[in-house]
Amino acid sequence: MIALQAAARPGQDIGAAAVGIASLVIWCLVLIVSVKYALLILRADNHGEGGVMAMLALLGSRNRRRGRGHGALLVLGLVGAALLYGDGAITPSISVLSAVEGLKLDAPGLEHAVIPITLAILIALFLAQSKGTGFIGRIFGPIMLCWFVAIGLLGLVGVARDPQVLKALLPSEAVGFVAHAPLAVSFGVLGAAFLAVTGGEAMYADMGHFGRSAIRAAWFFVALPALVLNYVGQAALVAADPQAASGPFYGLASGWAHYPLVIFATLATVIASQAIISGVFSLTQQSVQLGFLPRFRILHTAREEHGQIYIPVANWLLATATLAAVLIFKSSDALAGAYGIAVSGLMVISTFLAALVAIRWGYNPTLVVLLNGMFMLVDLIFLSANALKLLEGGWFPLLIAGAIAFLMLTWRSGLELLEAARAERRLDEKRFIAALEDKAVCRVPGTAAFLSAARTGIPLSLSIHLRHNKALQERVLLVSVVVEEIPVMDADDRAVVSELTSGFESVILRFGFMEMPDIPGALAKARVCVSPHELLQTSYYIGRETVIPDANVPGMWRWREAIFMWMQRNSATTGASFGIPSGQLVEIGTEIRI
């Protein structure tokens with residue numbers, strides 16, 4: 001335990017310091033993970049989904065009108081989401097690296113092998129992601145239970161040597177240590193102790209994968225008791241032997257058990273890393289569906305579980321950042337400086353957004369402000385303690401988070417400019433239908449579905465198609481897809497169909513932000529003028545837009561527009577994203593200036 005190393009200072013009462021630090025860690029787990037996350041923030045779910053994006057959806061920030069704090073709230077939420085990506089790059093690297101470093105205790109000659117072994121394990125972990133989290137859980141789930149039992153038993157062995165360390169369970173020991181230690185030492189220990197609670201945000205982000213009840217049961221009945229016993233046991237060991245402060249966890253075990261324990265710890269850290277990787281996948285899918293990131297290829301890895309997904313782009317970008325962290329920092333101690341600042345910043349944002357959600361749900365504002373204000377104060381103290389590590393490595397996750405937040409804001413702003421340009425060129429439905437009837441346009445057999453980004457108006461693809469071909473199919477569907485701010489849309493509310501004229505219908509298909517839109521499947525179940533058999537022969541028309549930066553059009557800076565264009569060119573095709581077979585897809589090109 002890194003925090004206990006601070007206890008090994010000449011002239012200090014090592015036993016009292018060890019107990020004080022253990023108490024500080026334990027009460028951080030109780031207050032932040034148990035009370036704040038497990039009992040309170042897990043209540044802020046959006047139909048079972050958690051994470052910063054779920055809270056933004058609950059607050060309706062995407063559809064709010066600009067002004068009145070809308071921009072600030074949206075930026076704050078996107079920064080929080082981006083910080084989770086920074087956390088996702090550091091967590092696997094520091095977890096696996098710290099476990100493998102246990103080899104050095106009994107075999108210092110293996111120190112040169114720590115980095116290669118860590119890299120090999122991490123590469124294997126990211127390669128396994130395509131199998132799905134369910135596959136990984138079935139293999140390693142029982143190991144995690146055995147791991148917590150093992151560390152709990154090791155802690156009991158340490159406590160048996162010196163039962164007096166059980167006073168670490170009293171909060172007064174933590175308060176006394178912080179109050180009497182020099183300010184620099186207190187901040188340093190707080191920053192180190194914070195590493196014990198960094199999994200709380202991942203626990204919230206993974207709620208859609210595992211469920212609130214399962215997370216709470218696993219935490220309160222398995223993880224928390226085992227961790228408390230182990231930390232108290234480490235304090236007992238350091239109090240009896242100050243030299244053990246350099247590696248108190250492995251010191252609890254007998255010499256013969258060190259190598260098996262290293263293997264066991266490595267497996268456990270791989271599984272713990274899976275939680276944050278799954279959280280990144282979930283966050284990416286939510287961001288794509290809510291319009292904050294371009295469309296990526298998203299694969300569902302389990303038929304029976306909706307939330308089991310794999311996103312190749314997110315997986316390998318995260319893998320690159322994780323491997324880079326290992327190669328740059330080379331030790332878990334160096335990575336510790338990079339770890340806490342991203343998570344503590346994310347916790348501050350989550351606490352603030354959770355307070356807004358609670359007030360929106362009708363809870364007493366005074367009670368919400370007092371309770372969340374207390375947690376906000378704790379979060380800010382930890383953020384201040386971790387901010388001291390900015391130059392020691394804290395810049396790394398902040399650099400990742402800053403880049404992700406910038407790309408999210410650029411994509412969002414670019415989409416708004418794009419839609420504004422479309423709206424100027426889009427024809428009114430009534431005027432188009434009247435003109436269509438007056439000109440007696442040639443109608444040919446068949447069905448055409450024209451996709452539109454807006455709920456009203458004639459899609460540009462239809463206008464261009466008619467202008468060039470001088471003909472139109474007998475049955476026409478104007479289809480728009482709306483992603484609602486709930487995870488899954490009820491099948492009965494999926495489609496809203498309205499007839500514009502005979503054989504000409506407007507169809508609005510609504511999906512939740514955790515669903516993959518399937519336009520042909522949704523149309524087959526909707527009450528449209530086309531039979532399911534005819535839908536198999538339907539031609540789907542979409543606009544393939546070439547975006548051109550134009551200095552005469554108010555918008556973003558030219559270099560940001562160039563980045564938006566690059567993101568648009570490299571996003572997944574609309575047809576693939578909407579489940580449209582390539583043989584039925586027709587793309588119509590057009591130029592749009594922003």
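## Overall architecture

The protein chain has 24 helices and eight strands; helices (H or I, at least four residues) and strands (E, at least two) are DSSP runs, numbered from the N terminus. The radius of gyration of the protein chain, 28 Å, is close to the 25 Å that the globule rule gives for 594 residues, so the chain is as compact as a globular protein of that length. The radius is taken over C-alpha atoms, and the globule rule is 2.2 Å times the number of residues to the power 0.38. Along its principal axes, the C-alpha trace spans about 95 × 50 × 45 Å.

This is a predicted model, in which local features need pLDDT of at least 70, side-chain atom pairs count only at pLDDT 80 or more, and totals for chains, interfaces and linings use all residues. Residues are numbered from 1 along each chain as its sequence is written, and side-chain values use heavy atoms, with hydrogens and water left out.

## Burial and contacts

Of the 594 residues of the protein chain, 55% count as buried, where buried means under 20% relative accessible area, exposed over 50% and partly exposed in between (1.4 Å probe, protein chains only). Contact means heavy atoms within 4.5 Å. Among contacts between residues at least 6 apart in sequence, 81% join residues at least 24 apart.

## Helix H16 and its partners

The axes of H16 (residues 332-360) and H17 (residues 365-387) come within 8 Å and cross at roughly 170°. That makes H16 roughly antiparallel to H17. Axes are lines fitted to C-alpha atoms, for helices over the stretch in contact, and angles run from 0 to 180 degrees between N-to-C directions. Angles under 35 degrees count as roughly parallel, over 145 as roughly antiparallel, 65 to 115 as roughly perpendicular and the rest as oblique. The residues of this contact divide into 16 nonpolar, six polar and one charged. In this scheme Ala, Val, Leu, Ile, Met, Phe, Trp, Tyr, Cys and Pro count as nonpolar, Asp, Glu, Lys and Arg as charged, and the others, Gly among them, as polar.

H16 also packs against H18, at an angle of about 55° and with the axes 7 Å apart. H16 is therefore oblique to H18. Ala-334, Gly-337, Ala-338, Ile-341 and Ala-342 in H16 meet Leu-390, Glu-392, Gly-393, Gly-394, Pro-397 and Leu-398 in H18. By class, these are seven nonpolar, three polar and one charged residues.

## Helix H18 and helix H23

H18 packs with H23 (residues 558-569) at an angle of about 90°, their axes being 9 Å apart. The two helices are therefore roughly perpendicular. Residues making the contact include Phe-406, Trp-411 and Leu-418 of H18, and Trp-559, Arg-560 and Phe-564 of H23. The class counts are 10 nonpolar, four polar and one charged.

Asp-379 is found in helix H17 and is buried, with a relative accessible area of 2%. Apart from neighbours within four places in sequence, Asp-379 is in contact with Lys-36, Met-347, Val-348 and Thr-351.

Arg-426 lies in the loop between H18 (390-425) and H19 (429-438). Arg-426 is also buried, with a relative accessible area of 13%. Not counting residues up to four places away in sequence, Arg-426 touches Glu-419, Ser-452, Ala-454, Thr-456, Gly-457, Ile-458 and Leu-460.
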